[in-house]
Amino acid sequence: MLEDGLAPTKVTFLNLLDACISISSLEHGKLMHACISGCGLASDLALANALINMYGKCGSPEHARFVFEKMLERDVVSWTSMISVCAQHGLHKEAIKLFEEMQTKGVKPNRVTVLSVLGACASPAALAQGKLFHQYLVRNGFNYDSAVGNALINMYAKCGSLEDACSLFKKLAKRDVVSWNTLIAMYNQHGHADAALEAFRKMQSIGVLPDKITLLSLFEACASLAALEEGTSIHASFFDKQQLKLDSTMATALLNMYGKCGSLEDSRCIFNSLAERDVVSWNSMIVTYAQHGYGLLGLQLFSMMQDGYLEPDNITFIAVLSACSHSGLVQEGIHYFASMKMYHKFIPTMRHYGCMVDLFCRAGELGEAECVITNMPFEPDAAIRMMLLSACRLHGDVERGNRAALNLLELDPKNGAPYLVMSNLYAAAGLWDKVAKLSELMIAENVDRQSGCSIVYVKNKKHVFVVRDSFHPQKKAIYAEVERLSRLTKQAGYVPDLNLELHNTEEEQKEKLLLSHSEKLAIAFALISTPSKTTIRIIKNLRVCGDCHSFLKVLSKIVGREVVIRDASRFHHFKDGLCSCGDYW
C-alpha cells in the first residue's frame with residue numbers, strides 16, 4: 001500500500017493494531033505506534049484506545065500506561081481499557097486505583113468497566129476491595145446481567161470466599177452455562193471435586209447443556225477423585241453418543257483423567273487415537289507412564305517424540321525425570337538432567353531439581369539427595385525438603401532426618417507432617433522416649449495431625465475408611481472379611497511386618513493394628529461389594545505402607561483380581577502376586 005503511494009488512515013491503523021494483537025507481536029505494535037505518531041494521529045482518541053488495548057494484549061502494560069498518561073482526552077473506553085490491562089497483568093491495586101480516579105473525573109462506568117474491575121478484584125488479597133465494589137454496584141442500582149453476575153461469582157471464588165459465591169449463585173435470576181461452569185470450576189479449585197460433580201448433576205436436571213469448558217472441569221473433578229465410572233460415563237455420553245469433536249485439549253484432559261483414575265489402557269487408547277499430537281499430549285502420556293511405574297515405556301515415548309522432530313519443553317523434562325525417578329533409573333535421570341542443560345539449553349527450575357532429589361531419595365542415595373538440595377541455585381521449598389525427610393524415614397537415617405525436619409519446621413512450624421514422619425522414624429528405631437516428647441510438643445504447639453484414609457467407589461458411591469474404622473454400616477462384615485483374608489494370605493506366604501506398626505505394644509496387638517489399616521478395610525469392603533474378576537481401585541491420601549504392600553501382592557494372586565491403588569506418590573497395580581512398582585516406591 002505504501003509502495004503504491006497511498007497514505008494510511010485512522011481505519012488502516014485500527015486494522016493493523018488488530019493484526020498485531022492476533023499474532024501477539026509487540027515489535028510490530030511498536031512500529032505501528034511510531035507510524036501513527038509520524039502521521040500526526042497520536043492524539044486521535046480511538047487510536048490511543050486501540051494502542052492501550054494492543055500493548056496490554058501484547059504483554060507490555062508499561063507502554064499501555066505511557067499512552068494512557070499522554071492522552072489529552074479520555075473517555076470511558078480509555079479508562080476501561082487501562083483498567084483491563086492492569087487486571088490482565090495482575091496489577092490489581094493499580095486497576096482499582098484507576099477505577100477510583102475514573103469516578104473522581106466524573107466518567108460513568110459501563111458494563112465492560114465493571115467486568116474489568118471484578119477481574120482485578122479476583123484474588124485473595126483483594127477480597128475487601130471486591131466486597132466494596134459489590135456494594136457499590138448495589139448502591140448505584142447497577143442492572144448487572146448474567147455476565148456481571150458470573151464475574152461476581154468468579155471474583156468471590158478466586159478470593160476464596162465460597163460461601164459468598166454460592167449465595168450469589170443462588171440469587172441469580174438466570175443461570176446460564178457460564179454460571180454453572182464458574183460454580184463447578186470454583187469447587188475444583190478449592191478441592192471440592194465431589195461438589196463439582198453434584199453441581200453438574202443439578203445442571204443437567206434443569207436442562208442446561210454443558211459446553212467444552214464444563215467437560216474439561218468435569219474430567220478434572222473425576223481425575224481428582226479417581227472416579228473412573230463417572231468419568232467414563234461422561235465421556236461416553238457426550239463424545240460417543242452425542243458425537244462431540246474430541247480436539248487436542250479435550251483429548252489431553254481425557255488422557256489425564258483416565259491416567260489418574262488408574263486406567264492406563266484407556267489413557268494409551270486416547271493417545272493413540274490422536275491424529276495430531278502436540279507437546280502437551282506427549283508430556284501427559286509420559287507422566288502417566290511414570291505415575292504407573294512404567295518409566296521405561298515413558299522414556300521410549302520420549303525417544304519417539306524426538307524422532308518425530310518435536311522439540312521438548314520444560315514440562316517434558318519434568319515428565320522424563322519423573323519416569324526415571326519412579327522406576328529407579330538413576331543413571332538415566334542424571335543423563336537427562338545434564339542433557340536438558342547442555343543440549344536443549346533449558347535452565348532447570350525448582351521442579352526439575354525436585355525430580356532429581358526424588359530420584360536419589362527413592363534409590364536410597366540420601367547423601368546425593370542432600371547434596372542436590374545444598375547446591376541448588378535457589379532456596380528449596382518445603383516439598384523438596386519433605387522428600388528427603390520421608391526418605392530418611394524409609395531408610396532409617398535418624399541423623400539426616402533430624403536435619404531435614406529442623407529445616408522443614410523453620411519454613412512452616414505448624415505443619416504436622418514433619419512431626420509425624422519423625423515420630424515414625426524414632427519409633428522404628430525404638431526411640432520411644434523421643435516419640436513421647438514429640439507427641440507432647442505437637443500438643444503444646446497445637447499442630448494439626450494428618451490422618452490416613454482410603455477411598456473406594458462402589459456403584460458411584462464414595463466410601464471412606466480410616467485406620468481402625470468403626471463407622472461404616474457394614475463394619476462387621478468388613479472385619480470378618482479382613483480376618484478371612486489374613487488367614488488366606490498367611491497360608492500363601494504373607495508375613496506381617498510388625499516393625500511397621502509403630503506403637504509400643506505386644507506383637508499380637510501390633511498384628512491386629514496392622515489388619516485395621518485403612519487400605520485393608522477398603523479392599524475387604526470392595527471384595528464383598530463387587531462382582532468377582534472386576535478391578536478394585538483405591539485412593540489413599542498417604543503412601544501405602546510396606547506391610548499393606550506385601551499383603552496386597554499376595555492377596556491379588558489369591559482372589560484373582562487386579563488391585564489398583566493411587567497413593568500420595570504413585571500408582572500401584574497389584575496383579576498375580578506382583579506390583580507394577582517392582583517394590584520400588
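Analyst: Strand 5 and strand 6 make a hairpin with two residues between them, and Asp576 in that turn has a positive phi of about 50°. Strands here are DSSP runs of E with at least two residues, numbered from the N terminus. This is a predicted model, in which local features need pLDDT of at least 70, side-chain atom pairs count only at pLDDT 80 or more, and totals for chains, interfaces and linings use all residues. Residues are numbered from 1 along each chain as its sequence is written, and side-chain values use heavy atoms, with hydrogens and water left out.

Now to the pairing itself. Strand 6 covers residues 578–579, and its pairing with strand 5 is antiparallel, over two bridges; two strands pair if DSSP finds at least two bridges between them. Within this pair, Phe574 stands opposite Cys579 of strand 6.

Strand 5 has another partner to look at. Strand 4, residues 563–566, pairs with strand 5 in the antiparallel sense too, over four bridges. Here Val564 has His573 of strand 5 as its bridge partner. The link between strand 4 and strand 5 is a hairpin as well, through four residues.

How much of strand 5 is buried? Strand 5 runs over residues 571–575 and is mostly covered, with four of its five residues buried. Buried means under 20% relative accessible area, exposed means over 50%, and partly exposed lies in between, using a 1.4 Å probe and protein chains only.
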